Amino acid sequence: MAIVETWSLTRRFDALVAVDALTVAVQAGEVFGLVGPNGAGKTTVIKMLVTLLPPSSGTAQVAGYDIVRQASQVRRVIGYVPQALSADATLTGYENLLIFARLYDIPRAEREDRIRSALDYMGLADSAHKLVRTYSGGMIRRLEIAQSMLHRPPVLFLDEPTVGLDPVARQSVWGRIGEMRRDYETTIILTTHYMEEADSLCSRVAIMHLGRVAAIGSPAQLKASIGEGATLDEVFVHYTGGEMEEGGGYREAERTRRTTRRLG
Amino acid sequence: MPDLIASLAGFARKTMTIAELEVRKLRHEPVDIFSRAVQPALWLLIFGQVFTRVPGIPTGGLPYISFLTPGILAQSVLFIAIFYGIAIIWERDLGITYKFLASPTPREALVLGKALAAGLRGLLQAVIIYALAALLGVALNLSPVDLLGVVAAILLGATIFSTFSLIIAALAKTREAFMGISQLLIFPLFFASNAIFPIALMPPWLQVVSRLNPLSYQVDALRALMLVGGTSVYGLGVDFGVLLGLSAVLVFVGGRMYPRVAM
């Protein structure tokens, strides 16, 4: 059963077509990866699906709800971790979770239990009452994933979950994503430009290039499609032309750098 | 009907959650509150002390320093609120805004919660200004009902200007553009009002501008409620009507505009 489905989903920014008639279906329980170079349109797809950005044309449904007409229902059934660091550094980890527990209408009786188990699950119990400013990059990401999972959403969107993290922190985030899929049967849609991330986490991958899907399939299928013994990196280069990055622009670069710097 | 009540209760709960979030942040960084108290103190001590010596300012029988005190309170609330948009852009740049907008929180509750937090900062300023004014010999009206009126006037003024600021932030989108626009607006808003001079002293064109300026209605209400012997020029009904009506309109418009910050 498709839990997220798009039909000719399109978004233009003035003359630029950031997402060009995307039609894709994600099945319940999948970890679905959107990969591609900067400016390929991955983040724009996510922003439309989480109701932050209206599409220019086309439609999409999340858990059966239309992303434009039923935006507030969509918001109840999704979790979302944006690319930029979204935990509030001037609050403690516990406070960050408390605020979202309230915004997602988790009943008062369950709230403390839910927060405690989220902190335990993400290995943050000891730092719960420290300011997030003192957290490491990996801890911040795990806290953000905890925030987005408090209300146990059936669909979770992770935009570049490991950008700027060191290999150890990246491994720990991957571990949690895998566990969540197993323990809660969460459908996960993530974007990444790390091919090894897509390879180890995703059941299926769509390679995006200039707003379109250039190839789609399981990592094994994609590798087989260009020849024996190919790596996913080679698949990536094959389908995106391997040209110098042309997208992104100053603001995106600035944002990625700032995120990286804050992750330290 | 029960649906309506439940959704209003939900709205109030979300609004309070957002306001509480801001207060918790403030509690972690209390220095800000004190640094913000310096400016109103200078206005009262320097401007107030000097102009008190100028005869013939038609203050309605009040010493000038008394006349000035409500104006400075309104001004310090204005200064806190009008730069609120910078925090909105900052939170967008950090990524915080995206997660709030993707949560099932009514946009108006996000906007009103932030406005309420600006109002709470304004109330902290009020405590400091009341203390300073008492030291300077201003005869303050401490009747509990009137104090409640002062609280309401501060919260409404903060709602108007912080939401106005949020709308500017949603249009400007970058910190640079936002700061440019805010700097352009803040002094006209302050000077073209009855905050430091009676409107009667102004040339006719400026009188018109002052009457269109919501700050004048806030100051008018504060003058009637804060001071022993203070009177309202427009009437408290008009003052609060204007403040409440404009707050409601701006929160509604702000709720529509806020998502643009993240686009």
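**Figure 1. Overall dimensions of chain A in a predicted model.** With 264 residues, chain A would have a radius of gyration near 18 Å as a compact globule, and its value of 18 Å agrees (taken over C-alpha atoms; the globule rule is 2.2 Å times the number of residues to the power 0.38). Along the principal axes, the C-alpha atoms of chain A fill a box of roughly 50 × 40 × 35 Å. In this predicted model, local features need pLDDT of at least 70 and side-chain atom pairs count only at pLDDT 80 or more, while totals for chains, interfaces and linings use all residues. Residues are numbered from 1 along each chain as its sequence is written, and chains are lettered from A in the order in which they are written.

**Figure 2. Secondary structure and burial in chain A.** Chain A contains 10 helices and 10 strands (DSSP runs numbered from the N terminus: helices are H or I, at least four residues; strands are E, at least two). Of the 264 residues in chain A, 48% are buried (20 or more other C-beta atoms within 10 Å of the residue's own, with C-beta atoms placed from the backbone).

**Figure 3. Packing of helix 3 and helix 4 of chain B.** Helix 3 (residues 38–51) and helix 4 (residues 64–82) of chain B pack at about 155 degrees, their axes 10 Å apart (lines fitted to C-alpha atoms over the stretch in contact, with angles from 0 to 180 degrees between N-to-C directions). The two helices of chain B are therefore roughly antiparallel (angles over 145 degrees).

Note on methods. A residue is buried if 20 or more other C-beta atoms lie within 10 Å of its own, exposed if 12 or fewer, and partly exposed in between; C-beta atoms are placed from the backbone. Angles under 35 degrees count as roughly parallel, over 145 as roughly antiparallel, 65 to 115 as roughly perpendicular and the rest as oblique.
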